[in-house]
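Please consult the sequence and structure shown here before reading on.

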Amino acid sequence: MSPASLDEELVAAAQGGSTEAFSRLVERHQQALRAFLRRACGDWSAADDLAQETFLAAWSRIGRLRAGASVRAWLCGIGYNKHLTAVRSAGRERARAKRYEEDRPVVSEGKPEDRLALEAAMAELPAEQRACVALCLAADFSHAEAAEALEMPLGTVKSHISRGRARLMQALGVCDD
Amino acid sequence: MTEADDRLKALFALDEPPARDAVFSTAVMEQVMRRRFQEDVALLSAASLAGGGALWVIWPILQPALVAISQGLAPALGGLALAACAAMILGGRVRSALGLEA
């Protein structure tokens, strides 16, 4: 069974009220959603909180998910809207930024300066550009899928990715041909 | 995909959460179940309130009807109750007399 048809089956069961099916959807998509939110907001602990809120909202709205729609894109769309709402709440952001610094894991792989440069460059990108980069360059979303998830026109997504990629490459000191 | 894209992707991959995370999934499902419980409680409370309200409204009509029915049915219900008691008491003796008791 293909992943898409398995998703469809699980969505249909979850729409019928099966928490077991929803739990399997959580297992299958938590990685993609959390990775996207980590990159979109740069704060791991806040991203995981948002991911939990996203799944909770998804449970309430699962009945509205149309058959054949990409579950991954749908979840990322909900997560992105939650992230934008959270960004607007400045006080909450400040508290989370502080927690993030405390909880931030030490990663041993990769050149630390590259990671820091990438993180700094991502932080400087506008929210929309950052979300497009996180979906298409980091998570292998197609441009169309990202446009659907972020509710943006396809052309806008493409231009965000092109500009965002150029800025990241510049920050990493990569000569791009 | 260029080498630069590969490098970018490799750096992004360092932020990737694990493919299976039981702690995260359990935390999500705990919240889902809590939400479901709250919804069930809210629904049952609303249904109980609506039922109570409806009963309160129709009670003046219902009460005389219940009194009239109960007076008519009282002898029959009394007989049925006695028969049930007799069956329970005698049933065991009859079964043991017939050697059917386990």
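Which residue takes a positive phi just after H2(A)? In this predicted model, Gly42(A) does so, with a phi of about 70 degrees.

**Helix H2 of chain A**

H2(A) comprises residues 19-41 and has a kink of about 50 degrees centred on His29(A). Its end C-alpha atoms are only 29 Å apart, whereas a straight helix of 23 residues would span 33 Å at 1.5 Å a residue.

**Helix packing**

| Helix pair | Angle | Axis separation | Crossing |
|---|---|---|---|
| H7(A) and H8(A) | about 140 degrees | 9 Å | right-handed |
| H2(A) and H2(B) | about 145 degrees | 10 Å | right-handed |

H7(A) covers residues 127-138 and H8(A) covers residues 143-150. On the H7(A) side, the contact is made by Ala131(A), Cys132(A), Leu135(A) and Cys136(A). H8(A) contributes His143(A), Ala146(A), Ala149(A) and Leu150(A). By class, seven residues of this contact are nonpolar and one is polar, with no charged residues.

In the pair that joins the chains, H2(A) supplies Thr19(A), Phe22(A), Ser23(A), Val26(A), Glu27(A) and Gln30(A). These meet Phe24(B), Ser25(B), Val28(B), Met29(B), Val32(B) and Met33(B) of H2(B). The contact of H2(A) with H2(B) has seven nonpolar residues, four polar and one charged.

**The contact between chains A and B**

How many residues does each chain give to the contact? Chain A gives 28 residues and chain B gives 24. On the side of chain B that touches chain A, the elements giving two or more residues are helix H1 (3-13) and helix H2 (22-97) of chain B. H2(B) gives the most to that side, with nine residues. The residues on this side of chain B divide into 14 nonpolar, seven charged and three polar.

Methods:
Residues are numbered from 1 along each chain as its sequence is written. Chains are lettered from A and ligands numbered from 1 in the order in which they are written. This is a predicted model: local features need pLDDT of at least 70, side-chain atom pairs count only at pLDDT 80 or more; totals for chains, interfaces and linings use all residues. Two residues are in contact if their C-beta atoms, placed from the backbone, lie within 7 Å. Helices (H or I, at least four residues) and strands (E, at least two) are DSSP runs, numbered from the N terminus. Ala, Val, Leu, Ile, Met, Phe, Trp, Tyr, Cys and Pro count as nonpolar, Asp, Glu, Lys and Arg as charged, and the others, Gly among them, as polar. The expected span of a helix is 1.5 Å times one less than its number of residues. The bend at a residue is the angle between axes fitted to the seven residues ending there and the seven starting there. Axes are lines fitted to C-alpha atoms, for helices over the stretch in contact, and angles run from 0 to 180 degrees between N-to-C directions. A crossing is left-handed if the near helix is turned anticlockwise from the far one by less than a right angle, and right-handed if clockwise.
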